[in-house]
Amino acid sequence: MILCATCGKENVSTGSFCHGCGNDLRMSSGPRRVATVRTASPPFAFSPPGEAKACVVCRTPIPDGFAFCGACGTPVEANVATQRSGTMFFHAQETPRAKLVGIEPDGSEGAIWSLDGDEAFAGRSAGPVLLPDDPYVSPKHCRFFYQAGKLHVQDLESTNGIYRRVRGETVLQPGDQLRLGRQLLRIEPMEPAPTQAADGTRMWGSPDPGYRARLIQLLEGGGFGEVFPLEAGDNLVGREVGDVTFPGDRFVSGRHAVVSVAVDGVRIRDLGSSNGTFVRLAAPTSLEPGDAILIGARLLRVELR
Amino acid sequence: MGDSGTTLPLRDESTPIGRATGSLRLSADDTLPGLAATFTYREGRLFLRDEGGASGVFVRLAAPAILGESDDFSIGDKLLRFLGKVPATPPATSGSTRLLGSARSGNGPLLRLQVMHLGGIPGRVFAKPGPIRIGRALGEILFADDPFVSARHCEIDLDPAGAILRDLGSSNGTFLRLPKGGERELRPGDTIRLGRNVFRLE
């Protein structure tokens, strides 16, 4: 097993390219890492080994739910496009339809919703993706629709939004919200320059470590909790060890994610955590097969039918 | 802290102290305003008044004190600000959609404490249920890198009267900031902190 250094995806040892993000695994510096220890929390798997597609370039089988060929790095999207333009589909003009698979807290698969129509609603009282038992789901929470041959999801001004699991490196915008373990965090930029009073004096204080951004913990029931200032460079998020720690949260992995702060922006990548790192979707977003989304406390996986 | 440095006599009825003005000049300290504080004798008693500078005037805690919201205190080379408390979790109302948030440790109120950096840059905020013990080696909030913080330094606990700040017998003391423009009486042995300078009253 090789963990991709870019996105944390687990790849078979013989692959040259990461199945999750297409990163060249042969270029990874340092020893190839083994999978991290799982937490006590229920792990959930991405796509189970399904029907294998073959890469159009090198004919290597690609398991269902992977975005890139493990042997040559060709994006699966290119594969799909090529296959659709070929003779594989009888109705070549039809958009491939998706389904949502509910993942139970123990990691097993639960309800399955087929998204056959052009649009489908999800909510506590709106169907067909009906989630009546989750108090964190709004009555009419979000809308799924097809556009340009792809499944999209749109938040309908729900209370708690929609979150997608981070695959590869994801750029964060100021105000973006994250979920990991049982934590809800918001990222904000910080003014780097120390503020000076009009007379040229500076307020006395602890030495300035040069913070550039901060993660703010948003508490259950409202209000702000802890605040974690982030320095330029990599900031490790973990349960007990790191720059941003949540010692009481056993759903956070030991080494969970890395937030990189650079002049050109803030990025987050998951380090192969058991339960994933999720970013709130701010605008209507296209979903890929294998994407995992959180609606309220419900975890759903997107699969092609 | 430790060896005595310069002795600054307080002979006059009123002695201003600061970077640029006053009979006690501390020109090397860029965290101090021109006029930082004034010592005044009244009826044989000595008072210290904050003159409103950004860095404030701190007096070493001799007895537990009540912390108000956004009160500053200092241990070692750390400046800490009490941000008040987060109330206990409100009971969930049935029917309406619940607001998602980070899980809390217990349902009781949380105390929020912020590290303030040079220049007023806001730093790490801790939110924990009381009592919060702060130290270099033992407690809920640790400053392992600060040699001027004692292993067990001070604690904050919630009391019916409010949040109480208490020194736990630290070597270098816990300093509470005077309210802006505030004044308090000093007694022999009191230690005060002005910017980077620490003075003991004799």
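Trainee: Is His117(B) buried or exposed, and at what relative accessibility?

Mentor: Buried means under 20% relative accessible area, exposed over 50% and partly exposed in between, with a 1.4 Å probe and protein chains only. His117(B) therefore counts as buried, its relative accessibility being 6%. This is a predicted model, in which local features need pLDDT of at least 70, side-chain atom pairs count only at pLDDT 80 or more, and totals for chains, interfaces and linings use all residues. Residues are numbered from 1 along each chain as its sequence is written, chains are lettered from A, and side-chain values use heavy atoms, with hydrogens and water left out.

Trainee: In which strand is His117(B) found, and which residues does His117(B) touch in chain B beyond four places in sequence?

Mentor: Strands (E, at least two residues) and helices (H or I, at least four) are DSSP runs numbered from the N terminus, and His117(B) belongs to β9 of chain B. Contact means heavy atoms within 4.5 Å. Not counting residues up to four places away in sequence, His117(B) touches residues of chain A including Met203(A), Asp208(A), Pro209(A) and Tyr211(A). Within chain B, the residues touched are Pro122(B) and Gly123(B).

Trainee: Where does Pro209(A) lie, and what is its relative accessible area?

Mentor: Pro209(A) lies in the loop between β14 (183–189) and β15 (211–218) of chain A. Leaving aside neighbours within four places in sequence, Pro209(A) is in contact with Glu231(A) and His117(B). Pro209(A) is partly exposed, because its relative accessible area is 32%.

Trainee: What area is buried between chain B and chain A?

Mentor: The contact between the chains involves 48 residues of chain B and 43 residues of chain A. Buried area is the accessible area (1.4 Å probe) that two parts lose on being put together, summed over both. Carbon and sulfur atoms give 56% of this area, which is about 3900 Å².

Trainee: How many salt bridges are there between chain B and chain A, and which side chains meet at 2.8 Å?

Mentor: A salt bridge is a side-chain nitrogen of Lys or Arg within 4 Å of a carboxyl oxygen of Asp or Glu. Between chain B and chain A the count is two. The side chains that meet in a salt bridge at 2.8 Å, N to O, are those of Arg124(B) and Glu226(A).

Trainee: Which element gives the largest share of the side of chain B that touches chain A?

Mentor: The elements giving two or more residues to this side are β7 (72–75), β8 (78–86), β9 (110–117) and β10 (121–128) of chain B. The largest share is eight residues, and the element that supplies them is β10(B).

Trainee: What area is buried between domain 1 of chain B and domain 2 of chain B?

Mentor: By an automatic or database domain assignment, chain B is divided into domain 1 (1–56 + 178–202) and domain 2 (61–87 + 107–173). The C-alpha centres of these domains lie 24 Å apart, and four residues of domain 1 are in contact with four residues of domain 2. Carbon and sulfur atoms give 58% of the buried area, which is about 360 Å².

Trainee: How many strands does chain B have?

Mentor: The C-alpha atoms of chain B fill a box of roughly 70 × 35 × 30 Å along the principal axes. Of its 202 residues, 48% count as buried. The secondary structure of chain B comes to zero helices and 18 strands.
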